[in-house]
Amino acid sequence: MCCYTSLRPIEISVLQIKDLVSPDGKLIELMILPASKAFDGKYRPILFSHKELRTVIEDYLAWLIELDCWSHPGKQYLGRDPNAPLMFFEISNNEPRGFGV
């Protein structure tokens, strides 16, 4: 993900589902990384248009759905909690834990 988007690992670790998925469940192509999540405190545009990157993200989201991570009532955001962290580092007591950076 770092190679295709110019995101730093620390920035990826604080992304939320809603940063990459639109309410209708589609992957976004352009995200404005907010200053609050940027390593240098400056917002910037991030493109998610590379085909391989989109495939990897889609596969990862399908895996989250398969594990039933951060499920949310309704069909918006692929049935995931839009405020949940995109990445997690462990599952404890059947609950995923985000990085919490």
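Glu11 and Arg44 form a salt bridge through their side chains, at 2.7 Å from N to O. Glu11 belongs to helix 2 (residues 9-12) and Arg44 to strand 2 (residues 44-47), so the bridge ties together parts that are 33 residues apart in sequence. Glu11 is buried, and Arg44 is buried too. The coordinates come from a predicted model.

## Confidence in the model

The mean pLDDT of the protein chain is 85. A value of 70 or more is reached by 83% of its residues. Helix 3 (residues 17-20) has the highest mean pLDDT, 94. Strand 4 (residues 95-98) has the lowest, at 58.

## Fold and surface totals

The protein chain holds 4 helices and 4 strands. Read from the N terminus, their order is α-α-α-β-β-α-β-β. The chain has 101 residues, and 37% of them are buried. Contacts between residues at least 6 apart in sequence were sorted by separation: 48% of them join residues at least 24 apart.

## The nonpolar core

The largest nonpolar core has 24 residues. Which of them touch the most other members? They are Ile17, Phe48, Leu61 and Leu64. Helix 3, strand 1 (30-33) and helix 4 (51-67) each give two or more residues to this core. Helix 4 gives the most, with 5 residues. In soluble globular proteins, nonpolar side chains tend to be buried together.

Met31 sits in strand 1. Is Met31 buried or exposed? Met31 is buried, because its relative accessible area of 4% falls under the 20% cut-off. Its C-alpha lies 5.1 Å from that of Ile46, a residue 15 places away in sequence. Leaving out residues up to four places away in sequence, Met31 touches Leu15, Asp19, Arg44, Pro45, Ile46 and Phe48. Two of these contacts take part in salt bridges: Arg44 pairs with Glu11, and Asp19 pairs with Lys37.

Leu30 is also placed in strand 1.

How many salt bridges does a search of the whole structure find? It finds 3. Besides the Glu11 and Arg44 pair, there is one between the side chains of Asp19 and Lys37, at 2.6 Å from N to O. This pair links distant parts of the chain, 18 residues apart: Asp19 is in helix 3, and Lys37 is in the loop between strand 1 and strand 2. Asp19 is buried at a relative accessible area of 12%. Lys37 is buried as well, at 15%.

The side chains of Asp68 and Arg80 also meet in a salt bridge, at 3.7 Å from N to O. Both residues lie in the loop between helix 4 and strand 3 (88-92), 12 residues apart. Asp68 has a relative accessible area of 47%, so Asp68 falls between the 20% and 50% limits and counts as partly exposed. Arg80 has 7% relative accessibility, so Arg80 is under 20% and counts as buried.

Trp70 is in the loop between helix 4 and strand 3. Its phi is near 55°, again a positive value in a residue other than glycine. Is Trp70 buried or exposed? Trp70 counts as buried, at 16% relative accessibility.

Key
Residues numbered from 1 in each chain as written. Predicted model: local features only at pLDDT ≥ 70, side-chain atom pairs only at ≥ 80, totals over all residues. Heavy atoms only, no water. Buried < 20%, exposed > 50% of the residue type's maximum accessible area, 1.4 Å probe, protein only. Contact = heavy atoms within 4.5 Å. pLDDT = per-residue confidence, 0-100. Core = buried A, V, L, I, M, F, W, Y, C linked by side-chain atoms within 4.5 Å. Salt bridge = Lys/Arg side-chain N within 4 Å of Asp/Glu carboxyl O.
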